[in-house]
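Please look over the sequence and the model before reading on.

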Amino acid sequence: MTRVLPTERCNRCRFWLEDMRDRDPNDTDWGFGSCRRRPPALVECIVRPLMPQLRYGQQEDPDMGPLDLVSATRFPATCSTDWCGEFQGPAA
C-alpha cells in the first residue's frame with residue numbers, strides 16, 4: 001500500500017528550515033527542522049538553570065544579561081510531515 005502524504009506540511013512550507021544533520025539520504029520527504037513562522041520562544045528547562053535565586057524582595061538580577069535569554073530561546077522543532085494549520089507555500 002502506498003503512503004499518501006498531504007501536500008500542506010512542514011517540509012513544503014516557506015517558514016520551515018530543515019536541519020541537514022538529521023536528513024535521511026534515502027528518503028527526501030523525511031527529516032526534521034524548525035518552524036520559523038513565529039519568533040523563537042523561551043524554553044523553561046533552559047531558562048531555569050540560567051536564572052539565579054533572587055533574595056526576598058529583589059525584583060531583578062543585574063547579572064542576567066540579554067545573551068543568557070537569547071541562548072534559552074528556540075524555534076519549534078518539527079518533523080517534515082507535520083502541519084500546524086498555518087501552511088504557506090513558497091513565495092512567488
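Predicted model: local features only at pLDDT ≥ 70, side-chain atom pairs only at ≥ 80, totals over all residues.

Residues are numbered from 1 along each chain as its sequence is written, and side-chain values use heavy atoms, with hydrogens and water left out.

**Fold.** The chain has two helices and five strands. Helices (H or I, at least four residues) and strands (E, at least two) are DSSP runs, numbered from the N terminus. Along the sequence the pattern reads β-β-β-α-α-β-β. The chain has 92 residues, and 17% of them are buried (under 20% relative accessible area; exposed is over 50%, partly exposed in between, with a 1.4 Å probe and protein chains only). Among contacts (heavy atoms within 4.5 Å) with a separation of 6 or more, 67% join residues 24 or more positions apart.

Three strands form an open sheet in the order 1-2-5, with antiparallel pairing. Its edge strands are strand 1 and strand 5, each pairing on one side only. Two strands pair if DSSP finds at least two bridges between them. Strand 1 and strand 2 pair over three bridges. In one of these strands, strand 2, S34 is the bridge partner of L17.

| Strand 1 | 16–18 |
| Strand 2 | 32–35 |

The largest pocket holds about 160 Å³ of space. A pocket is an open set of points on a 1 Å grid over the protein atoms alone, where a 1.4 Å probe fits, with protein on both sides within 12 Å along at least five of seven lines; lining residues have an atom within 4 Å of a point. The volume is the space filled by probe spheres set on the points, which are joined across faces, edges and corners. Of its 13 lining residues, L17, D19, G33, S34 and A77 are the closest to the centre. Strand 2 gives the largest share of the lining, three residues. The lining divides into five nonpolar, two polar and six charged residues. Ala, Val, Leu, Ile, Met, Phe, Trp, Tyr, Cys and Pro count as nonpolar, Asp, Glu, Lys and Arg as charged, and the others, Gly among them, as polar.

**F87.** F87 is partly exposed, at 23% relative accessible area. Leaving out residues up to four places away in sequence, F87 touches T7, E8, R9, R12 and C13. R9 is 78 residues from F87 along the chain, yet their C-alpha atoms are separated by 6.8 Å.
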